[in-house]
Amino acid sequence: MARVPRPDRGATTPSRGRTTTAPPRTAAGTAQDRAEGAVTAADLLAKVGTCAEISNGRYRTDENSPATVPVCGAQGAVFWKADLDIDCDGQPTAHCNGQADPLYSPGTAYAQSDGRPLNAETLPYIVVPAASSRWSPGASGVRGGSVAAVVYQDRVQYAVVGDTGPSDLIGEASYATARGLGIPAGPSDGGVPSGVTYIVFKDSKADPIEDHQAAVSTGERLARQFVTDN
């Protein structure tokens, strides 16, 4: 069952230290090496340079920030460019629990096939805003289990839509997503303040939602199509 978005998560975001960028990585490897498939960050970013706004208004990235982020439409996908705050909700783990994250919740909006909440530490997932007059994700074919390509610098991380957040905030993903992108993943002091692109493929689905390899194979296929069609 979907949980009600927690306003306190947005309200306390500024205290999470989103003031630094991720530490530089070594030059070893190519951009393609740093992607989960053959479609590179450069391939995807070349197709999201302009925004055809589909949201009826813009989102804030943090509780006290101005509303500057639109949701954009493209052939076969929607996308937005924002920060990345860490979502550690779901199954309690070594790094995601009530002690590590003062905003921790044991539930996620969407559950595994066995009925348990998702595991933020091991499953790359993103958070989408709750439906509102500003934008209804479901109306754009974005639902629980939808597949996304998350891009940061030269890395591509495939993920699923796994949780919902406040209806006026955007830019959040799981601990595992941040780790895959080389972003500090601490729930209280991790994340980055900008530079993350979220591309969600319309009417896509990883089945079951907790199968990351299903998300990767579906995401890679749809990313190739996205690059071809846009």
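**View 1. The structure holds two disulfides.** A disulfide here is a pair of cysteine sulfur atoms within 2.5 Å. This is a predicted model, in which local features need pLDDT of at least 70 and side-chain atom pairs count only at pLDDT 80 or more, while totals for chains, interfaces and linings use all residues. Residues are numbered from 1 along each chain as its sequence is written, and side-chain values use heavy atoms, with hydrogens and water left out. If you number the bonded cysteines of the protein chain in sequence order, the pairing reads 1-2, 3-4.

**View 2. Cys 51 is joined to Cys 72 by a disulfide.** The S to S distance is 2.0 Å. This pair links distant parts of the chain, 21 residues apart: Cys 51 lies in the loop between α2 (41-45) and β1 (52-53), and Cys 72 in strand β2 (residues 72-74). Helices (H or I, at least four residues) and strands (E, at least two) are DSSP runs, numbered from the N terminus. The torsion about the S-S bond is about -100°, so this disulfide is left-handed. Cys 51 counts as partly exposed at 36% relative accessibility, whereas Cys 72 is buried at 4%. For these words, buried means under 20% relative accessible area, exposed over 50%, and partly exposed in between (1.4 Å probe, protein chains only).

**View 3. Cys 88 and Cys 96 form a disulfide.** Here S to S is 1.9 Å. With a torsion of about -60° about the S-S bond, the disulfide is left-handed. Take a look at the two cysteines themselves: both Cys 88 and Cys 96 are buried.

**View 4. Strand β5 (residues 147-152) is mostly covered.** Six of its six residues are buried. In a regular strand the side chains alternate between the two faces of the sheet. In β5, Val 147, Ala 149 and Val 151 point one way, and Ala 148, Val 150 and Tyr 152 the other way.

**View 5. β5 pairs with strand β6 (residues 155-165) in the antiparallel sense.** Two strands pair if DSSP finds at least two bridges between them, and β5 and β6 have six. Val 150 is a handy landmark: Gln 157 in β6 stands opposite Val 150. The hairpin of β5 and β6 has two residues between the strands, and Gln 153 takes a positive phi near 55° there.

**View 6. β5 also pairs with strand β8 (residues 192-201) in the antiparallel sense.** This pairing runs over five bridges. Find Val 150 again, and you will see Tyr 198 of β8 opposite.
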